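Please take the structure below as the starting point for a guided reading, in which the text moves from single residues to the chain as a whole and back again.

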Amino acid sequence: MSERRLFLGRVERVITSERRGRLAQLRPLYEATPTLSSWQRSFTPEDARQEFPNRGFVTWFDPPEGVTEGTVWQFRVEEQRTFDPANPHHDAFKTAGTATSPVEILDVRYLGDEELCRLQVTEEGLELSFIPAACVCLWVDGESWIGPLRLVPNESKRWILDPAQRQQPLPRVRPAPASHVASLTIEVPRLFLTPGAVIGPRLGLVDWAPDDVVLKRVLRWVRKTDRAYSDTLELTERVIDHAVELLAAAGLSRDDHALEVQRLRRARAVVGGLAERQELVESVMRDLFLVPSVQANIAAVKARVRQETENQVRGELEESIRRVAELQAEKARLEEEIASLRATLSAQVEELNAAIGQRLAQLLERPGQALTELAILRAALAPAATWPKRGIEAAPRSSKAGNGAKPSSSLSCLPPSITERSGEIGDIVETAQLRQALRRAFRVRSVPVQAAKMLHAAFLAGVMPVVAGSDAFRALEAYAASVTGGRWLWLPITPGMLEPGDLLGRVDPANRFLVPAPGGLLDLLLHAHGTEELYLVVLEGINRAAIDSYLAPILACYADAWCDGLGRVLPLLHPGAVSPDDPY
């Protein structure tokens, strides 16, 4: 069978299978002449089975979503290589290329003029006993068609203009010659353009948008055309007549002129109908007010509304009065409480003044005894005397003076200020496990996973990352939970830190003991010499103090520790400034 042959057929079935996907079965109904001037040959079901074995169908693979059973399409065919004559479910032919929709002409002249056709097609819908083609032209009068356009079913199973097309102007075209229109019987007589014919030349445009949209477009056009037009001017028939005069002198193209004329006519009809309906409503309302039963109902409604309003106002007033009384009682109670507190405070101040006077008198009488008691209290409350050893054992100092040797220290347990939580995962031995652990920890805490990559890269490079933002603490917590097994030390930085000693510790010259900073960083640094475990130190608010003064020297020693050879040593204290039994 030649691929040049063109057929018109109807979709009998649409099938969806897991193996072949979506396909449709077309039943050929008519065949076009070789010159595509008309549809000449019709196929009965018997003829179709003979020419298109095995069942008289042509397979259409992967049809568009708009293809449904009962729709009409024109197509060319080609043989299927996998056709099995012994298989009754096989078709010998399939569509060659893509099937297209023929142009169908719907004769709606029986509805009346163009305006009545518009109302029927856009509002109520057309009653059709068949599914119209995807490309339709409406025959509205003897001089013009409207189209091409697409009809869709509404809730009442009637066919209306596609709402998307309704928002745009539609072409008005000249009717095709009678020789180019074919009447075909597909269950019922229908009109189609012949295969080789095209839609006639365009005569202009029409606007079938809703009335409110057309009125807005007319107002917009009048404002643009006549600058003297004001938004406060009402859209009356006089204004529309003035717009017609402006349109005649505007010198527009044929299409634009026809479109604006059609819009103005519709606007005039809408405005005239609104005025008539308004007058009718006003007349009916005047007559209704004269009916005794209506007057009685209105009086009853007025009385009910008045009574409901009075009850509501009375209730709100009573609630306000009750609330004011409660506030006044609360005010009186608070005033009594304030007076009582003032009396109590005055009595306590008098007692305190008397006690202070008595104590000062005792100090003036026996100043030596007071100084002795103060010295005893200072020795008893000295920080170094009561500082717990926490398992720190001091080694004896070297006998050589001035050699800078430092006592070796070891920690049998972690400092009390260290946070040691159980890790969220087990041991990590592969990079993939680390990535998975970081991703899970960051997602659980609602922190972007990208932050984990930047943190890990900074630590691998041996630098100190600086994290800012509302998620900074959760990001560091998530990293510690995955990489350091939940071991991390949190240190808040105060604005008063000026040197490394404020972060690590200072010497108490009176007792010759090193008093470590309460954060426990010094304990962790000493503990790190004897363990392979990882710890994360978080300095909260490093920008509150001068970083170059208190943190830069410690980071310099940390950087030198990564390099081979001698490095810088931070002189936190002189060995002679502390007692030989100081564990630090």
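**A walk through the predicted model**

Proline 102 lies in the loop that connects β7 (93-95) with β8 (103-107). The coordinates being read here are those of a predicted model, and in that model proline 102 has a relative accessibility of 3%, so it counts as buried, the cut-off being under 20%. Leaving out residues up to four places away in sequence, proline 102 touches Leu8, Val72, Trp73, Gln74, Ala133, Cys135 and Phe192.

The chain contains 16 helices and 21 strands, and of its 584 residues 34% are buried. Among contacts between residues at least 6 apart in sequence, 65% join residues that are at least 24 apart. The accessible surface of the chain amounts to about 36100 Å², and 56% of that surface belongs to carbon and sulfur atoms.

Which residues have the most contacts inside the largest nonpolar core? They are Leu138, Ile146, Leu149, Leu151 and Trp208, in a core that has 17 residues. Two or more residues of this core come from each of the elements α2 (114-124), β9 (135-141), β10 (144-149) and β12, and β9 gives the most, with three residues. In soluble globular proteins, nonpolar side chains tend to be buried together. The surroundings of tryptophan 208 can also be listed residue by residue: when neighbours up to four places away in sequence are not counted, tryptophan 208 touches Glu114, Arg118, Val121, Thr122, Leu138, Ile146, Leu161, Arg166, Leu170, Gln262 and Arg266.

Strand β10 also contains proline 148, and the peptide bond that joins glycine 147 to proline 148 is cis, with omega about 5°. Another cis peptide bond, also with omega about 5°, joins proline 53 and asparagine 54; asparagine 54 is found in the loop between α1 (45-51) and β4 (58-61).

Arginine 217 is found in helix α4 (residues 211-225). Is arginine 217 buried or exposed? Its relative accessibility is 16%, and because buried means under 20%, arginine 217 counts as buried. Apart from its neighbours within four places in sequence, arginine 217 is in contact with Gln167, Asp207, Ala209 and Arg263.

Leucine 36, in the loop between β2 (21-32) and β3 (39-42), has a positive phi of about 60° although it is not a glycine. The relative accessible area of leucine 36 is 24%, which makes this residue partly exposed. Lysine 157 likewise belongs to a loop, the one between β11 (151-153) and β12 (159-161), and its phi is near 65°, a positive value in a residue other than glycine. Lysine 157 has a relative accessible area of 70% and is therefore exposed, the threshold being over 50%. Its C-alpha atom and that of glycine 125, 32 residues apart along the chain, are separated by 8.6 Å.

The reading ends with a pair of strands. Strand β19 (residues 505-508) and strand β20 (residues 513-516) pair in the antiparallel sense over four bridges, and in β20 the bridge partner of valine 507 is leucine 514. How many residues lie between β19 and β20 in the hairpin that they form? There are four residues between them, and arginine 512, in the turn, has a positive phi of about 55°.

Note on methods. Residues numbered from 1 in each chain as written. Predicted model: local features only at pLDDT ≥ 70, side-chain atom pairs only at ≥ 80, totals over all residues. Heavy atoms only, no water. Pairing = 2+ DSSP bridges. Buried < 20%, exposed > 50% of the residue type's maximum accessible area, 1.4 Å probe, protein only. Core = buried A, V, L, I, M, F, W, Y, C linked by side-chain atoms within 4.5 Å. Contact = heavy atoms within 4.5 Å. Areas by Shrake-Rupley, 256 points an atom, 1.4 Å probe, with all protein chains shown as cover.
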